[in-house]
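Visitor: I'd like to go over the charged contacts in this one, then the surface. Can we start with the terms?

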Amino acid sequence: TLMRAVCIAVVMAQLGAYVRAQSCTLSVVDRIFTRIGAMDRIMSGQSTFMVEMQETAAILLSATPDSLVIVDELGRGTSTFDGYSIAYAVLRKLALSVGCRTVFSTHYHFLAE
């Protein structure tokens, strides 16, 4: 996917490896955070939603302005307005408070307005 390709290109560029592109200008990234895919830890009593929220909380607490954050379909499996509220709050925090580079994929088209 495009999101994974962005992560790979950033890692390769920072290693000094060849990045196949017409041009590539990147600043240094201190860490890459990803919230992609769905997974549960049922044996530990954690639902898919709980795991997603824990991973998202770790990103919000640890990301810096020099981080790259990749978030895919945050809030799926919730009601429309609950999921939208979660996605909006996380996107707003990343954009306004953290100020990091972010690739954010969502099915909540209201967020693009």
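Guide: A salt bridge here is a side-chain nitrogen of Lys or Arg within 4 Å of a carboxyl oxygen of Asp or Glu. Bear in mind that this is a predicted model.

Visitor: How many salt bridges by this rule?

Guide: The count comes to 2 salt bridges.

Visitor: What does E55 form a salt bridge with?

Guide: E55 pairs with R35, and their closest N and O atoms are 2.3 Å apart. Since E55 lies in helix α2 and R35 in strand β1, the pair ties together parts that are 20 residues apart in sequence.

Visitor: And E52, which side chain does that one meet in a salt bridge?

Guide: The E52 side chain also meets R35, at 3.4 Å from N to O. E52 is in helix α2 (residues 48–62) and R35 in strand β1 (residues 32–35), so this contact links parts 17 residues apart in sequence.

Visitor: Is R35 buried or exposed?

Guide: R35 counts as buried, because its relative accessibility is 4%. E52 is buried too, at 6%, while E55 is partly exposed, with a relative accessible area of 26%. Through shared partners, the salt bridges join R35, E52 and E55 into one network.

Visitor: Now the surface. Which residues make the nonpolar patch?

Guide: V11, L15 and I32 make a nonpolar surface patch of about 270 Å².

Visitor: Where is L15 found?

Guide: L15 is in helix α1, which covers residues 2–15.

Visitor: Why does L15 count as exposed?

Guide: Because L15 has 69% relative accessibility, and exposed means over 50%.

Technical notes
Residues are numbered from 1 along each chain as its sequence is written. This is a predicted model: local features need pLDDT of at least 70, side-chain atom pairs count only at pLDDT 80 or more; totals for chains, interfaces and linings use all residues. Side-chain values use heavy atoms; hydrogens and water are left out. Patches are made of residues with over 30% relative accessible area and no salt bridge: like charges are joined within 9 Å, nonpolar side chains (Val, Leu, Ile, Met, Phe, Trp, Tyr) within 5 Å. Accessible areas come from the Shrake-Rupley method with a 1.4 Å probe; for residues, only the protein chains shown count as cover. Helices (H or I, at least four residues) and strands (E, at least two) are DSSP runs, numbered from the N terminus. Buried means under 20% relative accessible area, exposed over 50%, partly exposed in between (1.4 Å probe, protein chains only).
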